[in-house]
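Biologist: I would like to go through the terms used for this model and see what stands behind each of them.

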Amino acid sequence: MDTKTVWIYVNNQDNSIRYVLGTKGKKTLFCFGINPSTATPDKLDPTLKKVESIAKHNGYDSFIMFNVYPKRDTIFDNLEQSISDVEHIKNIEAITKTISEYTKPDIWVAFGNHIYDRDYLPVCFKDIYSKLSKQNIRWLTTGINKSGAPKHPLYQKKTSTLIDFDMAAYIKTL
């Protein structure tokens, strides 16, 4: 993005939780990861750099990153084994508030196989999907893993093409 980029950054006071990170533009791509890492507006991590590149390649001038669960950690295995209901609810509120500002959002689902590694993650995503179901959303992916999960951006080419994703069918598998 350019030097005039307007950043959106919603986190908690000690920055251990991140709900929303991205940029405002005329054509925004929303993306769902599994949990946030170290990225901030002034320092994108490798995943967010890839999200930005793939968004640009597919004709978007901005991106906004959400996560199924908002707890920041660079090592997925460090995520707690049980959910924090408070943080889950705040995450849903931040996501729905952000999405509500757009009329026909395009959402790239890109959380990879980790969705299956904690019992609460599929539940979290179903809750998010349920709250967004009244929106006129175009769901997208860059492909599906053997597990059935949408591929993670970090392992995709910068020139990956976004394709339509049958979210209603996928939700039934979770």
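Modeller: Contact means heavy atoms within 4.5 Å. Helices (H or I, at least four residues) and strands (E, at least two) are DSSP runs, numbered from the N terminus. This is a predicted model, in which local features need pLDDT of at least 70 and side-chain atom pairs count only at pLDDT 80 or more, while totals for chains, interfaces and linings use all residues. Residues are numbered from 1 along each chain as its sequence is written, and side-chain values use heavy atoms, with hydrogens and water left out.

Biologist: What do the buried residues of H1 pack against?

Modeller: They pack against strand E2 (18-24), E3, E4 and E5. Buried means under 20% relative accessible area, exposed over 50%, and partly exposed in between (1.4 Å probe, protein chains only). Among the buried residues of H1 are Leu48, Val51, Ile54 and Ala55.

Biologist: What makes the span of H1 close to the expected one?

Modeller: The expected span is 1.5 Å times one less than the number of residues. H1 has 12 residues and reaches 16 Å from its first C-alpha to its last, against an expected 16 Å. Gly59, with a positive phi near 90 degrees, follows H1.

Biologist: Why is the pair of Trp7 and Phe63 called edge-to-face?

Modeller: Rings of Phe, Tyr and Trp (its six-membered ring) pair if their centres lie within 6.5 Å; planes under 30 degrees apart count as stacked, over 60 as edge-to-face and the rest as tilted. The search of the whole structure finds 10 aromatic pairs. For Trp7 and Phe63 the centres are 6.2 Å apart and the planes at 80 degrees, so the pair is edge-to-face. Trp7 lies in strand E1 (residues 6-11) and Phe63 in strand E4 (residues 62-67), so the pair ties together parts 56 residues apart in sequence.

Biologist: How do you know that Phe63 counts as buried and Trp7 as partly exposed?

Modeller: Phe63 has 0% relative accessibility and therefore counts as buried. Trp7 has a relative accessible area of 30%, so Trp7 is partly exposed.

Biologist: Why is Asp45 said to have no salt bridge?

Modeller: A salt bridge is a side-chain nitrogen of Lys or Arg within 4 Å of a carboxyl oxygen of Asp or Glu. Lys and Arg count as positive and Asp and Glu as negative; His and the chain ends are not counted. The nearest side chain of opposite charge to the buried Asp45 is Arg18, 5.2 Å away. Asp45 is in the loop between strand E3 (28-33) and helix H1 (46-57). Neighbours within four places in sequence aside, Asp45 is in contact with Ser37, Thr38 and Ala39.
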